[in-house]
Amino acid sequence: MENLIEELTAKNTEYVHAVTKQLMLAGKTDEEVKTILNEILPQIIEGQKTNVLARKLLGTPTEFVEQYVPKTVVDKKSSADVNSNDKPVLMWLDSTLLFFGLIYLMTGVMALFNAKGAQAYGLTTTFIMAALAGLVMFMIYEFYYAQAQGKRKWNWKSVLLIVVVVLIWSAFTTFSQFLPAVLNPVLNAYATLAIAVIALLAKYLLKRKFHIRSSLAPMSNGQK
């Protein structure tokens with residue numbers, strides 16, 4: 001098995017570590033874990049030949065492990081950790097709506113009580129800034145917090161990618177002021193607050209419907 005693990009790509013290695021951790025948390029013995037890994041490692045390595053990641057081949061670690069967990073255990077775990085959907089697009093959207101809603105909420109409150117406290121950024125600028133902030137948070141989650149406990153570490157590629165996104169974020173913030181007002185409208189306090197409420201409500205409803213894992217959660221509770 002060790003020889004097969006050495007053939008895995010970095011992403012697939014992270015996936016196997018996550019699966020191993022969840023199997024152990026589900027009460028599987030070392031022998032049972034080894035048996036399961038021996039079954040899936042050849043499939044994962046075969047998938048690598050056509051650039052198919054283990055996550056796409058077998059599902060998320062949580063989805064894969066559920067088939068090996070007794071129903072009662074799954075039910076008990078789902079009540080404790082209901083937000084386990086770690087699909088990248090949904091996690092990014094969740095963070096984006098959070099940042100967008102909070103930025104507009106604070107901006108609207110300041111504009112409401114301070115007539116001179118004009119909004120610094122227009123609607124388009126604020127949304128794209130929130131989208132980039134959400135992307136940075138997801139990347140930090142994906143490159144570090146999503147890795148198995150004890151295996152968490154940075155590599156220069158992941159750090160470089162985050163730095164590039166932050167630089168794009170800063171550049172966009174600087175040059176967004178040149179966008180025409182029709183494409184980047186600055187709204188009054190009431191409209192700003194209304195949009196903030198809509199964004200935060202949309203985040204809540206999406207999280208409730210799809211059980212989205214928060215990219216901010218690992219910072220406070222060390223999950224997955």
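Is Leu-102 buried, partly exposed or exposed? Leu-102 is partly exposed, at a relative accessible area of 37%, where buried means under 20%, exposed over 50% and partly exposed in between (1.4 Å probe, protein chains only).

1. Basis. This is a predicted model, in which local features need pLDDT of at least 70, side-chain atom pairs count only at pLDDT 80 or more, and totals for chains, interfaces and linings use all residues. Residues are numbered from 1 along each chain as its sequence is written, and side-chain values use heavy atoms, with hydrogens and water left out.

2. Overall make-up. The protein has 11 helices and 0 strands; both are DSSP runs numbered from the N terminus (helices H or I, at least four residues; strands E, at least two). Of its 224 residues, 39% are buried. Taking contact as heavy atoms within 4.5 Å, residues 24 or more positions apart account for 78% of the contacts with a separation of 6 or more. The protein exposes about 13,100 Å², and 66% of this comes from carbon and sulfur atoms; accessible areas are by the Shrake-Rupley method with a 1.4 Å probe, and for residues only the protein chains shown count as cover.

3. Largest nonpolar core. A nonpolar core is a set of buried Ala, Val, Leu, Ile, Met, Phe, Trp, Tyr and Cys residues joined through side-chain atoms within 4.5 Å. The largest one has 17 residues, of which Ile-44 and Phe-64 touch the most other members. Helices α2 (10-25), α3 (30-48), α4 (54-58) and α5 (61-66) each supply at least two of its residues, and α3 gives the largest share, 7 residues. Beyond its neighbours within four places in sequence, Ile-44 is in contact with Leu-8, Asn-12, Val-16, Ala-54, Leu-57 and Leu-58.

4. Helix α7. Leu-102 is found in this helix, which covers residues 88-113. Its 26 residues should span 38 Å at 1.5 Å a residue, and its end C-alpha atoms are 38 Å apart, which agrees; the expected span is 1.5 Å times one less than the number of residues. Buried residues of α7 include Leu-90, Met-91, Phe-100, Gly-101 and Tyr-104.

5. Nonpolar patch. Leu-102, Leu-105, Met-106, Val-109, Leu-112, Phe-113 and Tyr-190 make a nonpolar surface patch of about 730 Å². Helix α7 contributes the largest share, 6 residues.

Conventions: Patch = residues over 30% accessible without salt bridge, like charges linked within 9 Å, V, L, I, M, F, W, Y side chains within 5 Å. Salt bridge = Lys/Arg side-chain N within 4 Å of Asp/Glu carboxyl O.
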